[in-house]
Amino acid sequence: MATEPLPVTNALSIPVNPEPWEVPQVAAAYAQLEKQVKASRPNDDLSALRRTFEKAAYWHRNRKRATGDPYILHPIAVSGILADEQMDMTCLQSGLLHDVVEDEDVHIDEIRRTFGDDVARVVDGVTKLGKLKLANREERQAESLRKMLLAMTTDIRVIIVKLADRMHNLQTLGALSRERQERISTETLDIYVPIAHRLGMGKIRGQLEDIAFQYQDPEASQELMKEMESRRQANQEYLNMVKHAVEVKLARDHIPARVEGRLKRPFSIYQKMKRQRIGMDQVYDLLALRIITDSVKNCYAALGVIHNEWHPIMGRIKDFIAIPRPNLYQSLHTSVIGPGGHSFEVQIRTEEMHHIAEEGIAAHWKYKEGKKGPADDDQRIAWLRHLVEWQKEMNEPQEFMSTLRVELYAEEVYCFTPKGRVIVLPRDASPLDFAYAIHSDVGNTCVGAKVNGRIVPLKYQLRNGDVVEILTQQGHLPSKDWLALVKTSRARNKIRHFINASERAKAIEIGEKFLEKEARRLGVSLSRIAKDRYEQVASEYGHSKMEDVYASLGYGRFSARHILQKLAPESVPEAEPAKPPAPAPVFSATGSQVFPPGQDLVVKVKGIDDVLVYRAKCCNPIRGEAIVGYVTRGKGIAVHSQNCKNVQSLLYEPERRIDVEWARAVSETFTVKMMVYSEDRPGMLHEITSIFYNENTNIRSVEARMDDKRSDDSAIVDLTCEVKDKRQMEKIISALRRIPGVRDVERVQ
């Protein structure tokens, strides 16, 4: 139990509790904040900041953090991060107040009356929707993010405050439970890091990544940091030598510049090693120099100096000055083979480009103080405006979160129209994505494409520099198969919208026919049923109109007899549900019971017992994973993992989605396939199989082979094993990754 501050005494020795802002620890923290603000804004009147601090301290007076410290220390720290970034007074005040509406009994109108519209708008945008009665955490997260993204389009300070809040939460994550550490760090890497990237805020993005990485995968983080530390001194000495050489050569050619040396960040190294399944020795940009000069002309001149001195690595030269990234990042990148055969990266940019690269939209916004939001044509926010428009059509939290992740994580490919217009798309985008990026009508009527003058299939993956011409045909309509080809949220949502409308119309027609056919069979006259009775029945099913009930009937969610029984209970008796005969139990070779499709007793539909349920083969969900059910025509309920790639293609018909859950924790086992990428050395297979022996789990099959895609001695081990649940699978994967020489382990779905 946290204790209250000790009272002070006056001259008469009567205890007097200090005001919340007078507690020594709190007063010292605020004094440091004022010092930070004065350093960057020496001429500002800080009386408004003081008044905001005292009010926030009063509102948070009865709350403690998980560390046991007074809660107000967190808002002060958030404002300190904002002060370091030289944010304006509205940002600083919002940082102090960002939690009072969410955590205390304070209404946003009181913030507006006391501190004005700007502060209220930012605080409201940052405030999560925790007090609403939403079904689950995923819904609350989705709706809070919708609200924040919408607020960002009108006042960019919302996300700047939110990122500062997230930064300090990560810095104090050690006081929370392991489960909360994993959840918060994962959310940071999934949502807030990519938002910072899309807004060009490279500095805060890097800090968020490295701290979150420590908590998301502590073992990998510690192992990587240990390896980096063992090389740190040698790497730093090499960087200093190369830096001095570059400074001498630039001065000799009269190119004004400052040169900085840096080591690649831990999380960035980890991502590259995992993505390419390589060791640290093969990370070519582990060491990097940054040359900051005074003009674009001298950027290219400096590039020439570097290439004249050291051999560049082919395919590693990138010109983001001529073609900036969508977040307006500009720089020249090259990798060269330096002294001693060691490779390193060189980034060359102007001072202004450097500010934009580090601070992104925050730097741009600071120079236009008093302007609440970004310009209408700001590329860094254009994707957000589009997303806010698309999300209006998304009713499912899972669909919104998946769309958001895809949109945030997009890695860019630069393509051109025949007239030279640049179209920026995610990596592996198809001609369909290109077509929808031009216009919805072009996408809907697309029948083919020419890339660099030759006809390609619609599944073609676009590459940097491709010139794309879209072939269209009037009257042509989107196909359901297109959903598997597109990568962009825009294309996927346009296709879904069209197919959803078409499928819904068919489902309504089929549902009406089913009901009429069943009514004729039972001798019920639908025309004699009162109109308000139809509306009442629709309401009982949770719909606003009868067309929704027809659609659900057409999709197979309800039976026609059940609906008729509600419409005309006096004419249709309630039928006794037929009990299917119990199937004979089937056992695997290891003695565990196997359930055939339709009899999967480990999964059940919430609230319904007599329905066929089976786990989808595409993702083979196992106990402990989040799952979602999908109504199939004639086959029952297919159960997918929520992370299954096929789920998002299925959810364009939200009427078919149904809630499912794991039924009971008994002795069933689940078959899982894994691929282990490792060095090819004696004893490796024995060490791998020993992990499964120690876990007392069965290996059904194992096959080792050489990795044909790599020139070095690399091997791939394909495994099929049985696990009890997700926790055991993750424990096995973690143990496999600790084996010396194992580069990566992935579950095959």
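Modeller: First, a term: pLDDT is the predictor's confidence in each residue, on a scale from 0 to 100. You need it here, as this is a predicted model. Over the protein the mean pLDDT is 80. A value of 70 or more is reached by 81% of the residues.

Now the sheet. In general, strands of a sheet pair through backbone hydrogen bonds, either parallel or antiparallel. Here the sheet is open and has three strands, with antiparallel pairing. Read across, the order is β12-β11-β13. The edges are β12, residues 454-456, and β13, residues 468-472. Each of these edge strands pairs on one side only. On average, neighbouring strands are turned by 35° against each other, direction ignored.

Look next at the pair β11 and β12. Strand β11 covers residues 446-451. Three bridges join β11 to β12, in the antiparallel sense. Within this pair, V451 stands opposite R454 of β12. A helix packs on the sheet too: α19, residues 431-438. Helix α19 touches β11, β12 and β13. Its direction makes about 80° with that of β13.

Now the wider setting. The protein has 749 residues, and 48% of them count as buried. It holds 27 helices and 25 strands. Take the contacts with a separation of 6 or more: 66% of them join residues 24 or more positions apart. The accessible surface comes to about 38,000 Å², and carbon and sulfur atoms make up 50% of it.

In soluble globular proteins, nonpolar side chains tend to be buried together. The largest nonpolar core in this model has 102 residues. F53, L97, I111, I160, V246, I291 and F344 have the most contacts inside it. Take F344 as an example. Beyond its neighbours within four places in sequence, its contacts include Y238, Y284, L287, W310 and P339.

Last, the cautions. Among the elements, helix α14, residues 296-309, has the highest mean pLDDT, 95. Strand β14, residues 586-587, has the lowest, 36. Two stretches need care. Over residues 1-16, pLDDT stays under 50, and the model has 18 contacts there beyond four places in sequence. Over residues 576-600, pLDDT again stays under 50, with 29 such contacts. Where pLDDT is low, the predicted coordinates should not be read in detail.

Technical notes
Residues numbered from 1 in each chain as written. Heavy atoms only, no water. Core = buried A, V, L, I, M, F, W, Y, C linked by side-chain atoms within 4.5 Å. Buried < 20%, exposed > 50% of the residue type's maximum accessible area, 1.4 Å probe, protein only. Contact = heavy atoms within 4.5 Å. Helix = DSSP H or I, 4+ residues; strand = E, 2+ residues; numbered from the N terminus. Areas by Shrake-Rupley, 256 points an atom, 1.4 Å probe, with all protein chains shown as cover. Pairing = 2+ DSSP bridges. Axes fitted to C-alpha atoms, helices over the stretch in contact; angles between N-to-C directions.
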